[in-house]
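I opened the notebook today to look up how this chain is put together, and I am keeping the entries in the order in which I checked things.

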Amino acid sequence: MGTSILSLHTDDYRTKGLRKQLIDSLAEKGISDELVLEAMRNIPRHFFLDPALDKIAYEDRAFPIGEGQTISQPYTVAYQSELLNITPGERVLEIGTGSAYQASVLAEMGAEVFTIERQQKLYDKVQKSYPFAERHRKLYFFMVMVLKVCLSMPLLIKCW
C-alpha cells in the first residue's frame, strides 16, 4: 500500500491563511459566485501537489503534476466553475482529471462529477490517494486508454 497524500500534507493555520488570501484575490479579480469561492475555500489545493510545493501552492499559477500535465491556476478553476453555474445535484463530465483538483471543487459545490483521465500514472495516483473520498461520494473517476484529443486544459461539460 502506498503512502496516502494526506499523510504528506497538513492543513494548518498557515495553509488556511494562504488559501484565504487566494480566495480574496479571486474575488478581487471578479469571481463572485459564493458557491465557487466557498468550495475553493474548503479544498486545500496543496493536497493535490507534491509536498515540495506546499509553500507556493496558493500562488495563482499552474504547477506540474507529472506526465507533462499541470494543475490549473486557481483563477482558471474558479472561472470555469463559475461559468458552469452549478446547482447541487447537477451532473458534470470532466475530460482530463489530472490532479482531481477541479473535480474536487465541482464536487464540493454539490455536483455529481464523472471525470476521465488518459494518463495511467495520474489516474493511479488519484485512485490510490484521493483525499476526499468519504466526503465526495458522487465523484467518479474513469480511465480511458485511448483518447485522441489534444486539450490544454480540462474540458468540462454540464450534463442535463
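How many helices and how many strands does the secondary structure of the protein come to? I count six helices and six strands, bearing in mind that I am reading a predicted model. Going along the sequence, I noted the pattern α-α-α-β-β-α-β-α-β-α-β-β.

**Entry: overall burial and contacts**

I looked up burial next and found that, of the 160 residues of the protein, 46% count as buried. For contacts with a separation of 6 or more, I noted that 64% are accounted for by residues 24 or more positions apart.

**Entry: helix H5**

Is H5 largely enclosed or left open by the rest of the structure? Seven of the eight residues of H5 are buried, so this helix is largely enclosed by the rest of the structure. I listed the buried ones as Tyr 101, Gln 102, Ala 103, Ser 104, Val 105, Leu 106 and Ala 107. After H5 comes Gly 110, for which I noted a positive phi, near 100°.

**Entry: H3 against H5**

I then turned to the packing of H3, residues 34-42, on H5, residues 101-108, where the angle is about 120° and the axes lie 8 Å apart. Because angles of 65 to 115 degrees count as roughly perpendicular and those over 145 as roughly antiparallel, this value makes H3 oblique to H5. I recorded the crossing of the two helices as right-handed. From H3 the contact is made by Ala 39, Met 40 and Asn 42, and from H5 by Tyr 101, Val 105 and Glu 108. Sorted by class, the residues in this contact are four nonpolar, one polar and one charged.

**Entry: the nonpolar core**

Which residues of the largest nonpolar core touch the most other members? The core has 39 residues, and those I was looking for are Leu 26, Met 40, Phe 48, Tyr 101, Leu 106 and Tyr 130. I noted that at least two residues of this core come from each of helix H2 (13-28), H3, strand E1 (63-66), helix H4 (74-84), H5, helix H6 (120-129) and strand E5 (139-143). The largest share, five residues, is supplied by H5. As a general reminder to myself, nonpolar side chains tend to be buried together in soluble globular proteins.

**Entry: Met 40**

I finished with Met 40, one of the residues that touch the most other core members. Leaving aside residues up to four places away in sequence, Met 40 touches Arg 19, Ile 23, Leu 26, Pro 74, Val 77, Ala 78, Tyr 101 and Val 105. Two of these names, Tyr 101 and Val 105, I had already written down for the H5 side of the helix contact.

Note on methods:
Residues numbered from 1 in each chain as written. Predicted model: local features only at pLDDT ≥ 70, side-chain atom pairs only at ≥ 80, totals over all residues. Heavy atoms only, no water. Axes fitted to C-alpha atoms, helices over the stretch in contact; angles between N-to-C directions. Helix = DSSP H or I, 4+ residues; strand = E, 2+ residues; numbered from the N terminus. Parallel < 35°, antiparallel > 145°, perpendicular 65-115°, else oblique. Left-handed = near helix turned anticlockwise from the far one by under 90°. Contact = heavy atoms within 4.5 Å. Nonpolar A, V, L, I, M, F, W, Y, C, P; charged D, E, K, R; others polar. Core = buried A, V, L, I, M, F, W, Y, C linked by side-chain atoms within 4.5 Å. Buried < 20%, exposed > 50% of the residue type's maximum accessible area, 1.4 Å probe, protein only.
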